[in-house]
Amino acid sequence: MSVRDVLSPFAAWKHLFRDPVSIKDPFNREASERYRGFHQNDIEKCIGCGTCEAICQNGAIDMLPVSGVDGVQTRPGDSGLRPRIDYGRCCWCALCVDVCMTGSLSMSNAYKWVEADPDKFRYIPGVDKKHWDDYEHGYRRPEGHRLNAPERIEMPELEPGERIDSFAEIVGGYSVEQARLEADRCVTCGICVATCPTHMPIPEYISAVRDGDYEAGLKLLYDSNPFSQICGKICTRRCETTCAASHEGDPIAIRWLKRHITEQVPFERYRAIIGEPAAATGHSVAIVGAGPAGMTTAFDLARLGHKVHVYEAQSHAGGMTRYGIPEYRLPFDTIQREIDLIVSMGVEMHYNTRIGADISMAQLQQDHDAVVLSIGLWLGRSTRVPGSDHRNVYKAVDLLRRIRDGEQLQAPKSMVVIGGGNVAMDIARSMARLQQQQHGQIAITLTALEDKSHFLADPVEIKESIEEQVTILDSRGPQECMVDDQDNLLGLRTWRVHSIFDENGRFAPSYDDGDEMVHEGEWVVEAIGQMSDVAILGDELTEKLDWNRGRIQVDEDGRTSESWLWSAGDMVRGPDVVHAVADGHRTARSIHAHLSALDKQENA
Amino acid sequence: MAEYPDRSQYPAHLPDGSCDIDLSSGKYLKLWQGPNHPGITGNMSVELTVCGDEVVEGRTHVGYLHRGFEKLMERRTFIQCFPIVCRICVPEPDFNEYCYAAAVEELAGVEVPEKANWIRTLILEMGRVNSYLMYLGGQAGAFGQGVIGQWTTYARDLMLDRFEELTGARIYHMFILPGGVRDDLPEGFDQRMEETLREIESTLADVHDTMFRNAVFKKRAMGLGRVDPAWVDEYGVTGPVARAAGVAKDVRSDQPYLVYRELDLEPVIAHESDAYARADVRRRDLLMSVDLIRQVLARMPRKGPVMATLPNVLHWKIPRGETYVRGECSRGEYGYYLVTDGSGYPRRVNVRGPSYTHAMALLEKLIVNVNISDVAGLLVSLHTYPPEIER
């Protein structure tokens, strides 16, 4: 202790001559650029996946329905829900912003909000308008900062050079490690479930992959889709187009994960996992057509204890999956295992039995309590342009069926395909393989009405077709199949497409005749759509049924205007496997309700 | 330095070590200091038994701030624990974020990018500066010097501005995520930080003149709460309290974590081991932190990622394991003991905060024979943050 210790504190007096250090106008101080203030949500970008709600550890976020507000609409890929934030609970950690799958959620740097009513502090950002909605600054997820991997695990596939001269399956399937990594990317939001026509429990079976519990996964698959092995390979996967992960990265490979489950469980175990059918009810149901819709109906009804007879005109079951999809996408043994499983539930198959020729509808009606018609779309449509009746102008479905039936087709040296859908790609790629095998070179031109951005085919199909040296021309409208004096087919003449639909949205293509091209080809194949062979029904039944633009009119359960007859699958819904499966479930439910009602009447 | 009356009038210790205090004798008085008391740094209370104005016995009572963090974390996923850990210590939250993240990273096998480690070090030193500035104001205030607290609060506020622009928040930064840190340094950060550091140094010079060279402060703080160096191991004393007793314990140099191996630092020590020595150790340690911030900014890499690729955090499962991660916070050794069982939730989390040992066991030992008016000063000199006692 010294004199200095007494005098030194007087240094504090110098502060008398300093300016005050406080901020002059604290009420208008702008927070820093990264400040985590009040939330902003771009509700058009937001899809209501609820991942923000899932990660919030305070339970400060609730997902509320706002459908109808500001253009938000519940639709495939949008739940119609938007996050409501409770500032009585929020801790401003911004994990909701970090995890947001679309990047719609962010935080402004606004931090002052005075309100007398505490309930006001619970609001839906973007819907309840606030002055900070347009703030430029605030916390945005930094570039590259992700709490889940945006990139898909690549599927092992054959290279174009390896696959072009054979029908060997292209896709190899995930390893266990790859599948777990891919499954790990899923945020379990369930947006996909609503989109899937048959509402498969997608997040749950992806969880099963993550946990390595494949048997539980398989049970989930077969409870909702008896064509899980097939869908695991060739499903049109609408789920992936709406996947929350697709907004800022690749969608989860849902189809490949489904396939992975079916590959990991030994087929011998399937039956035990799916379980035994219920005790016999004594009812009998006839199903016409052993495609996905018919066989799904058969599977469901057989599990419920009803006796099911399936009548199939071809020698094998599977419908278009067997006779329309090339083997490099869907090998026979996959289909056969699927059918064997369904048949093992007690379904009786009658192959090579054509309705109208071998057995009549009237006979079916008499022998069974209910009849399901699911004969698919087996007749190819024609462009009806001049020359399309030439012998070397084929329908894609007919050619595909012949190839799948094992016929040794003699491929032409050059060929033109009309159409831009998956069937067009299938026939082009199948013929490319035959050309490579027989001639050692490929000359296939595919012409489509649509432009590249509106192609109906799966983008993967288009990419792989190009890899396999198929020439794809977009916006070309067929005008004539050109034939020379000796009745030889020369090729196809096309005009550039101006527009496909008229102002009322009806199909009425208009062309620019100044832009004409001639595509040389010994064959022309039309792949522009299919229709149903309803002639088998016979005049009497055709007369009785209600029709809607060439299709049988059914109610929402698939029942026709005749109380004993249901109709399902492509012939009522249009071509798609997973829609057919969904339709099969719907029909089976309706028939089961009908049969149960009959039981009640009898007991009463 | 402080002078106390004759000890002979106090009750004798019983053979089991407790005091024989007969309250009905009229000689003693029970007096509660806290839980609401300006001399208590947070919500805790000390139950004093006084004889005249002198403390005969002090019993600490905590629990007023108990929020059950450790239990809460057992019911939260690994990512969901991240926003709550910082709340365990208000004035220096970053150690919770760092220790938790480091423990999770170790058990999950996540490699943190190098640059993230530099930014983490920067944040921890910035937090230490804040914590010490708050302490200095509190220590001076406990002895009646109100103006020092105003100066240090101003300096701390400047550092909070830097926190705000770097992390997006002033108090609970929530910036150190398992896997790295959220973002890079903002544009022009170095320059603004340098201005802030200069302002802090200038404030500290004033604090040195008015507080450390102040006869009143010296008279009251010197000799108060003397910690015997032998108690350091006995009581688990760490940080400035141990260093003021001449024991050079500092996790930063003893077991360097993050990038401390690449920085120049020397543990600050003193030998008097009283409240004054502890305050002085902290003041000098603060200056060292200012220097460390400059070193980090001068040496850190400016390119590269700041965040590792994590598995999907929504269902992040961490294999079975256990670990203890420690760091040197402004009050001593801060540690997280984390046990995982292969599920998506921590099996057990134990937070080791230095306040627990300092403010409970050590305080009860030091408080005997202290004048009532010095109790607050003694308590602050142990630098206690009650929330971390009651995780």
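## Interface of domains 2 and 3 in chain A

In this predicted model, a salt bridge joins the side chains of Asp223(A) and Arg303(A), with an N to O distance of 3.5 Å. Across the interface of domain 2 of chain A and domain 3 of chain A there are two salt bridges, and twelve residue pairs are in polar contact, both at pLDDT 80 or more. On the domain 2 side, helix 8 (214–224), helix 9 (228–234) and helix 12 (267–274) of chain A each give two or more residues. Helix 9 of chain A gives the most, with six residues. By class, this side of domain 2 of chain A has 14 nonpolar, six polar and six charged residues.

Domain 2 spans 160–273 of chain A, while domain 3 is made of 279–370 + 571–603. Their C-alpha centres lie 24 Å apart, and the contact takes 26 residues from domain 2 and 28 residues from domain 3. About 2,500 Å² is buried between the two, with 68% on carbon and sulfur atoms. Pro226(A), Phe227(A) and Ile234(A) lose the most area in domain 2, together 25% of what that side buries.

## Interface of domains 1 and 2 in chain B

Chain B is divided into domain 1 (1–66 + 355–385) and domain 2 (69–352), whose C-alpha centres are separated by 29 Å. Here 21 residues of domain 1 are in contact with 30 residues of domain 2, burying about 2,100 Å², of which carbon and sulfur atoms give 66%.

The count between these domains of chain B is one salt bridge; Asp374(B) and Arg220(B) meet in a salt bridge at 3.1 Å, N to O. Helix 12 (354–366) and helix 13 (372–381) of chain B each supply at least two residues of the domain 1 side. That side has twelve nonpolar, seven polar and two charged residues.

Methods: Residues are numbered from 1 along each chain as its sequence is written. Chains are lettered from A and ligands numbered from 1 in the order in which they are written. This is a predicted model: local features need pLDDT of at least 70, side-chain atom pairs count only at pLDDT 80 or more; totals for chains, interfaces and linings use all residues. Side-chain values use heavy atoms; hydrogens and water are left out. Domain bounds come from an automatic or database domain assignment. Contact means heavy atoms within 4.5 Å. Buried area is the accessible area (1.4 Å probe) that two parts lose on being put together, summed over both. A salt bridge is a side-chain nitrogen of Lys or Arg within 4 Å of a carboxyl oxygen of Asp or Glu. Helices (H or I, at least four residues) and strands (E, at least two) are DSSP runs, numbered from the N terminus. Ala, Val, Leu, Ile, Met, Phe, Trp, Tyr, Cys and Pro count as nonpolar, Asp, Glu, Lys and Arg as charged, and the others, Gly among them, as polar. A polar contact is a pair of N or O atoms within 3.5 Å; within protein, one must be able to donate a hydrogen and the other to accept it, and residues adjacent in sequence count only if both atoms are side-chain atoms.
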